[in-house]
Amino acid sequence: MNVQKMAGHLIRRLNQSSTHIFVNHMQAAGFDLTPVQFAALDTIASNPGIDQAGVAAKIAYDRATIGGVIDRLEHKGYVARSVSTRDRRARDVRLTGQGQALYDQVLPLVNAQKDDMLGALSTAERATFMQLASKALGQDQDQS
């Protein structure tokens, strides 16, 4: 079998490409932000007061590692943690004013990256790609 035609290889290459594009766009705009950090910020912005485990679940990231991601965001001043009122063992996470300002600045940059990531596809092909990728992950695209 030719590796160039293997789904896993192509998915890995797409991930590498999208990560490279994301990092380049962020650096060019003067931001120090990784794709996972942005995913966490986006999830926190959409779910104020969510706990760390909830962030991990929503971005399909390892619960054991999400603490480090949140630590880095907190160190940069973008999020604040507090003991959950629902479960004293959990930590709720909220964007700080600085975090909200950063999120508002980078969101248009992230949205614009679609052109670089999927530029070789027509508008219809992009929609089909998004539907198929969501389906392959077992999720309804409207929920993501």
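Predicted model: local features only at pLDDT ≥ 70, side-chain atom pairs only at ≥ 80, totals over all residues.
Helices, taken as DSSP runs of H or I with at least four residues, and strands, taken as runs of E with at least two, are numbered from the N terminus. With that in place, I can say where Gln-37 sits, namely in helix H2.

Before going further, a word on the source. Residues are numbered from 1 along each chain as its sequence is written, and side-chain values use heavy atoms, with hydrogens and water left out.

Let me start with the overall layout. The chain contains six helices and two strands, and, read from the N terminus, these elements follow the order α-α-α-α-β-β-α-α. The C-alpha trace spans about 50 × 30 × 25 Å along its principal axes. Of the 144 residues, 27% are buried, where buried means under 20% relative accessible area, exposed means over 50%, and partly exposed lies in between, with a 1.4 Å probe and protein chains only. If we take a contact as heavy atoms within 4.5 Å, then among contacts with a separation of 6 or more, 44% are between residues 24 or more positions apart.

Now to the interior. A nonpolar core here is a set of buried Ala, Val, Leu, Ile, Met, Phe, Trp, Tyr and Cys residues joined through side-chain atoms within 4.5 Å. The largest such core has 24 residues, and those with the most contacts inside it are Leu-33, Leu-41, Ile-44, Leu-73 and Val-79. At least two residues of this core come from each of helix H1 (7-28), helix H2 (35-46), helix H3 (52-58), helix H4 (63-75), strand S2 (91-95) and helix H5 (97-118). In soluble globular proteins, nonpolar side chains tend to be buried together.

Which residues does Leu-73 contact, leaving aside neighbours within four places in sequence? They are Leu-33, Gln-37, Ala-40, Leu-41, Tyr-78 and Val-79.

That list brings us back to Gln-37, which counts as buried because its relative accessibility is 5%. Not counting residues up to four places away in sequence, Gln-37 touches Asp-32, Val-69, Arg-72, Leu-73 and Lys-76.

Phe-22 leads on to the rings. Rings of Phe, Tyr and Trp (its six-membered ring) pair if their centres lie within 6.5 Å, and planes under 30 degrees apart count as stacked, over 60 as edge-to-face and the rest as tilted. Searching the whole structure gives two aromatic pairs. Phe-22 and Phe-38 form a tilted pair, at 6.2 Å centre to centre and with 50° between the planes. This pair links distant parts of the chain, with Phe-22 in helix H1 and Phe-38 in helix H2, 16 residues apart, and both Phe-22 and Phe-38 are buried.

Why does the pair of Phe-38 and Tyr-103 count as stacked? The planes of these two rings are at 10°, with centres 6.0 Å apart, so the pair is stacked. Phe-38 lies in helix H2 and Tyr-103 in helix H5, so this pair ties together parts 65 residues apart in sequence. Tyr-103 is buried, as is Phe-38. Through these ring pairs, Phe-22, Phe-38 and Tyr-103 are linked into a cluster.
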